[in-house]
Amino acid sequence: MKIGINTVTFMKERPEKRFELSREAGFEGVEILAYPEELTPEGRSEMKTLLRRLGLEAMMIATGPPLALSGGKLCLESPDKNIRDRTVQYIKDCVDWAGYFGTDKVYVVTPTSKGDIADIGNALGWLRESLAESCDYAKSAGVKICIEHSPGRLVDEASYLNKIIKEFNIGNLGALLDVGHLNMTKEDAYETVMKTDKLYHVHFDNNDGKNDIHTPLDVGTMPMGEIARFVKALKEKRYDGYYSIELLNLQDPIKTLKENIRILREIYEGA
Ligand SMILES: [Mn+2]
């Protein structure tokens, strides 16, 4: 089992600092935040050299925070064709960056609040069109794209995520399951993993059941037993990807992350 980190934990730091802190906390792999202004040719080169020096693997290009925080400027399901085209181009850039860093995965989210969508059918049509083009480009580079379910957004429940992945029927499109998000949508962690046919990646975090606050694994309303059931299902499914920890707003990040790596290993060994 390999344990990685979504470097969104260190969002406010420079990319180099994010990697150094991730190494210090004891992770083997990192999700690279896909901020175009950071991933310039020079920026990429420095980041790649540093990753090699630290012995860290790039396991994912993460567009979650850039898409969610773009204020509608980047959105695969936007009614505005210009925005969709710009976002598809951005995802294609992410595919190139994935190749550069030697990972075969990019993850995306659907940032639009479900309540703001006038016609869900239209939004899904646009999402499919954008993903088909992005995935077609990714396919030629040997890269897979995964969608993460986000409570309150267009793709909210994991069961809905699995439904649209089946309906879209795109070869290199799969799922990213976030166990904390399952706690908010009240979906069973074990059953969800078992019912996910194309599972590409997983995130670990906890919360209060109402807000997506990404607290440490032992802080929140989701019992550790439920996280253990999630892990048990991953083992039964022979999931062989990274176990990625995704925490926010930590007071003492290194200490807390080390503690969470220990907790996750303990859960894994007991599951
Ligand atoms: Mn997540």
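User: What makes E2, helix H2 and E3 a right-handed β-α-β unit?

Analyst: This is a predicted model. E2, helix H2 (residues 41-54) and E3 make the unit. Right-handed means that, with the strands pointing away from the viewer, the path from the first strand over the helix to the second runs clockwise. The path from E2 over H2 to E3 therefore runs clockwise in that view.

User: Which other elements make a right-handed β-α-β unit with E2?

Analyst: E1 and helix H1 (residues 15-25) do.

User: How do you know that E2 pairs with E3?

Analyst: Pairing takes at least two bridges. Five bridges join E2 to strand E3 (residues 57-62), and the two run parallel. The strands therefore pair. Ile-32 has Ile-61 as its bridge partner in E3.

User: What makes E1 and E2 a pair?

Analyst: Strand E1 (residues 3-6) and E2 share three bridges, in the parallel sense. The cut-off is at least two, so they pair. Asn-6 stands opposite Glu-31 in E2.

User: Why is E2 called mostly covered?

Analyst: Five of the five residues in E2 (residues 29-33) are buried. Each therefore has 20 or more other C-beta atoms within 10 Å of its own. Gly-29, Glu-31 and Leu-33 lie on one side, Val-30 and Ile-32 on the other, and both faces are covered.

Terms used:
Residues are numbered from 1 along each chain as its sequence is written. This is a predicted model: local features need pLDDT of at least 70, side-chain atom pairs count only at pLDDT 80 or more; totals for chains, interfaces and linings use all residues. A residue is buried if 20 or more other C-beta atoms lie within 10 Å of its own, exposed if 12 or fewer, and partly exposed in between; C-beta atoms are placed from the backbone. Helices (H or I, at least four residues) and strands (E, at least two) are DSSP runs, numbered from the N terminus.
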